[in-house]
Amino acid sequence: MSILLDQSNRVLVMGATGNYGKFFMKDAGSYGTTIVAGVSPGRGGTDVDGVPVFESAKAAVVATRADTAMVFVPPVLVRAAAIEAIEAGCKLAVITADEMPVRDMIEIRAAALANGARTTGPNSPGLISPGKAKMGFMPSFCFMRGPMGVISRSGSLSYEGCKRLTVAGIGQTTVVGIGGDPVKGMTAGEALALFHDDPETKAVLYLGEIGGVEEIAVAEYARSQGAKPVAALIVGKTAPPGKKMGHAAALVGSKADGHAAKTKMLRTSGVYVSNGLPDLVKQVQVALAAADRT
Amino acid sequence: MMILEHEAKALLRTVGVAVPDGTLIKPGLRAPKVREYPVAVKAQVRSGGRGKQGGVIRANNARELHAAAKKLFATEFNGEKPTVLLADPWLAIERELYLSVTVDSAAGGYVVLYAPRGGVNIEDGPPPVRYAIGPAWKFRAHELRAHLEPVETDYRIRERVISLAQRLVETAAARDCHTIEINPLAKLADADNPELLALDGKVVYDEWAHYRNADIEAQRQGELKRAHKLLRASMEMGHMYVKLDGDIGLISGGAGMTMGAMDMIHGYGGKPGCFLDVSPGPASPRGYKPAFALLDGDPDVKVILVSVFGGGTQMNRVARALKETMATRKSKKPVVFRLDGTYVAEVPAIFETFGAHNHATLETAAREAVKLAKRTK
């Protein structure tokens with residue numbers, strides 16, 4: 001199994017007729033993602049490579065039984081498009097956009113909660129269940145099917161990390177890009193809960209950064225009764241305090257969210273914390289070996 | 001983006017938060033018109049910890065004010081020299097409190113943080129009480145009251161804090177702020193005055209709301225204007241830059257991988273000279289030329305490491321952009337390349353045409369950069 005995404009998700013693309021939307025439909029479609037509809041106000045009745053385009057998410061859901069939304073509209077429009085898809089009945093909305101106001105994401109998250117839906121992102125590569133389906137632009141060759149659940153705050157770091165796993169022969173159930181923003185559609189804690197319930201996921205790799213509170217939930221999970229083994233890498237050891245390192249959430253505001261405090265908290269909670277990228281595969285192997293013992 | 005204290009206080013004043021009646025002091029002004037002494041002369045800079053770095057000086061008369069201003073204008077605080085000072089009346093304080101509103105992931109939105117003992121040593125005390133709200137419209141006074149009751153026994157202060165907190169949450173949402181922090185929020189020694197006064201104010205704007213908030217757009221323009229020419233050209237491409245104290249300049253893609261590369265350079269005994277994430281900019285010479293110009297123009301940078309792992313960014317395009325950039329580049333600083341990701345298979349052929357080598361792993365590239373940096377010392 002995998003979490004959130006496989007070939008059974010029926011995907012509609014919000015912003016289907018833009019460059020990103022078109023590239024995604026071709027790339028993800030050929031990977032195995034079941035893309036059933038596009039939505040572009042003003043372009044209803046047309047098609048993109050044979051996929052029908054609708055005026056509204058509601059019309060697309062009614063006509064195609066779409067249940068999952070890929071949001072590819074400009075950052076200014078993401079809130080409107082994501083909430084439209086959620087209220088039309090999509091149970092998952094994947095958001096990759098960066099440069100999105102945090103208040104907009106707060107409202108999207110609230111809309112998802114109110115409608116029993118889930119959302120991931122923003123400022124993220126999306127998600128992929130290797131060998132099954134992908135929702136985003138991640139380079140497919142970095143991933144393969146296998147036992148690791150992966151959660152990442154950074155897109156590029158998830159490619160780098162997963163390629164290292166794949167080269168070492170360790171595949172992934174699902175790779176979830178939770179994104180680099182301070183408020184997330186799906187938190188690391190929520191993604192961990194899903195991986196915990198997925199029988200195919202033996203252990204979880206968490207790729208984190210300095211700043212924010214995400215790692216507290218990772219540590220809490222690792223300490224909980226019956227938790228699956230967790231490996232982690234926290235980047236930003238050399239980041240100076242008080243400076244935003246690209247991602248809005250990657251800022252050391254106090255000692256507690258610095259690199260030393262986070263790695264210590266994770267280690268004392270039983271997480272196999274990697275000492276930099278070169279050590280990553282080894283820590284994942286240790287986590288998998290621990291999973292085999294239980 | 002953090003704004004200056006006096007700007008933050010102006011914002012607080014517009015939403016009914018009491019702030020001291022301060023005076024702005026600009027350089028060159030011999031006799032600023034301060035109404036009453038003593039005053040606290042405060043450097044206006046965009047970084048924390050100013051109080052501990054001597055950025056606040058007490059002045060009892062005009063002569064002392066002049067001396068304090070001269071000193072503060074000449075001092076750098078975390079690399080930033082103040083261009084304006086704020087002289088606030090020096091008030092007798094009974095107690096300093098801490099109140100802030102910020103966004104966090106666990107709350108799925110806004111949180112209120114409160115501590116009955118605030119001030120410069122807030123981090124050394126017990127952690128503040130945390131009330132997780134979510135979206136602003138979920139704020140409930142009675143919920144915050146229940147959080148405050150165990151730590152704030154003075155009900156008059158408690159009720160004022162609740163009322164202020166609600167205003168700050170609404171302001172954070174309406175004006176697109178990541179953080180509004182008042183530290184200290186002061187209960188004055190004047191027993192007849194129950195009002196709580198914001199003696200300091202820190203506001204961090206959400207820069208991505210610039211299109212719907214003129215104040216934020218003005219701050220963005222100000223940031224560009226303050227940047228030197230080479231940095232401005234890079235920022236105009238959407239690049240994100242943080243200067244570091246090492247000698248290996250990093251041109252990288254994605255915040256996480258940029259930090260991962262910085263850490264790896266450090267792990268091999270080198271020192272990263274900057275964080276420069278070019279992924280929000282165009283993957284073309286238009287994007288890469290200003291990034292190289294910025295690092296070539298930085299005398300501290302001895303070696304440049306280009307490390308990009310792209311998904312949506314296609315490596316064949318990046319390789320061609322690098323070829324064109326290198327062709328017109330004048331600097332002789334060595335450059336080490338490591339590209340990986342979508343269409344990376346096409347990279348070696350493109351690199352061969354201009355004699356560049358693409359490292360297969362970040363490890364070999366980082367080691368090479370560290371070795372070259374040591375050689376140029």
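**Helix packing, sheet order and chain contact**

Helices α8(B) and α9(B) are oblique to each other. The model is a predicted one. Helix α8 of chain B covers residues 285-296, and helix α9 of chain B covers residues 315-328. Their axes come within 9 Å and cross at roughly 50°. The crossing of α8(B) with α9(B) is right-handed. On the α8(B) side, the contact involves B:P285, B:G287, B:Y288, B:K289 and B:F292. These residues meet B:A321, B:L322, B:E324 and B:T325 of α9(B). By class, the contact of α8(B) with α9(B) comprises five nonpolar, two polar and two charged residues.

A further helix pair was examined in chain B. Helix α3 (residues 141-148) and helix α4 (residues 155-174) of chain B have axes that come within 10 Å. The two axes cross at roughly 130°. Angles over 145 degrees count as roughly antiparallel and those from 65 to 115 as roughly perpendicular, so α3(B) is oblique to α4(B). The crossing of α3(B) and α4(B) is right-handed. Helix α3(B) makes the contact through B:A141, B:L144, B:R145 and B:L148. Helix α4(B) supplies B:R158, B:V161, B:I162, B:A165 and B:Q166. Six nonpolar residues, one polar residue and two charged residues make up the contact of α3(B) with α4(B).

The domain assignment divides chain B into domain 1 (21-89), domain 2 (93-212) and domain 3 (228-375). Over C-alpha atoms, the centres of domain 2 and domain 3 of chain B are separated by 42 Å.

In chain A, seven strands form an open sheet with mixed pairing. The strand order is β3-β4-β2-β1-β5-β6-β7. Strands β3 (47-48) and β7 (118-120) of chain A lie at the edges, each pairing on one side only. Strand β6 of chain A (residues 92-95) pairs with β7(A) in the parallel sense, over three bridges. A:L92 stands opposite A:R118 of β7(A). Helix α2 of chain A (residues 57-64) packs on this sheet. The helix touches β1 (11-14), β2 (35-39), β4 (51-54) and β5 (68-71) of chain A. The direction of α2(A) makes about 155° with that of β2(A).

A hairpin is also found in chain A. Strands β8 (residues 126-129) and β9 (residues 133-136) of chain A pair in the antiparallel sense over four bridges. A:L127 has A:M135 of β9(A) as its bridge partner. Three residues lie between β8(A) and β9(A) in the hairpin. In the turn, A:G131 has a positive phi of about 80°.

The contact between the chains takes 51 residues from chain A and 46 residues from chain B. On the side of chain A that touches chain B, α4 (102-114), α5 (155-167), β12 (203-209) and α7 (214-223) of chain A each supply at least two residues. Helix α4(A) gives the most to this side, with six residues. The side of chain A that touches chain B divides into 25 nonpolar, 13 polar and 13 charged residues.

Definitions and conventions
Residues are numbered from 1 along each chain as its sequence is written. Chains are lettered from A and ligands numbered from 1 in the order in which they are written. This is a predicted model: local features need pLDDT of at least 70, side-chain atom pairs count only at pLDDT 80 or more; totals for chains, interfaces and linings use all residues. Two residues are in contact if their C-beta atoms, placed from the backbone, lie within 7 Å. Ala, Val, Leu, Ile, Met, Phe, Trp, Tyr, Cys and Pro count as nonpolar, Asp, Glu, Lys and Arg as charged, and the others, Gly among them, as polar. Two strands pair if DSSP finds at least two bridges between them. Axes are lines fitted to C-alpha atoms, for helices over the stretch in contact, and angles run from 0 to 180 degrees between N-to-C directions. Domain bounds come from an automatic or database domain assignment. Angles under 35 degrees count as roughly parallel, over 145 as roughly antiparallel, 65 to 115 as roughly perpendicular and the rest as oblique. A crossing is left-handed if the near helix is turned anticlockwise from the far one by less than a right angle, and right-handed if clockwise.
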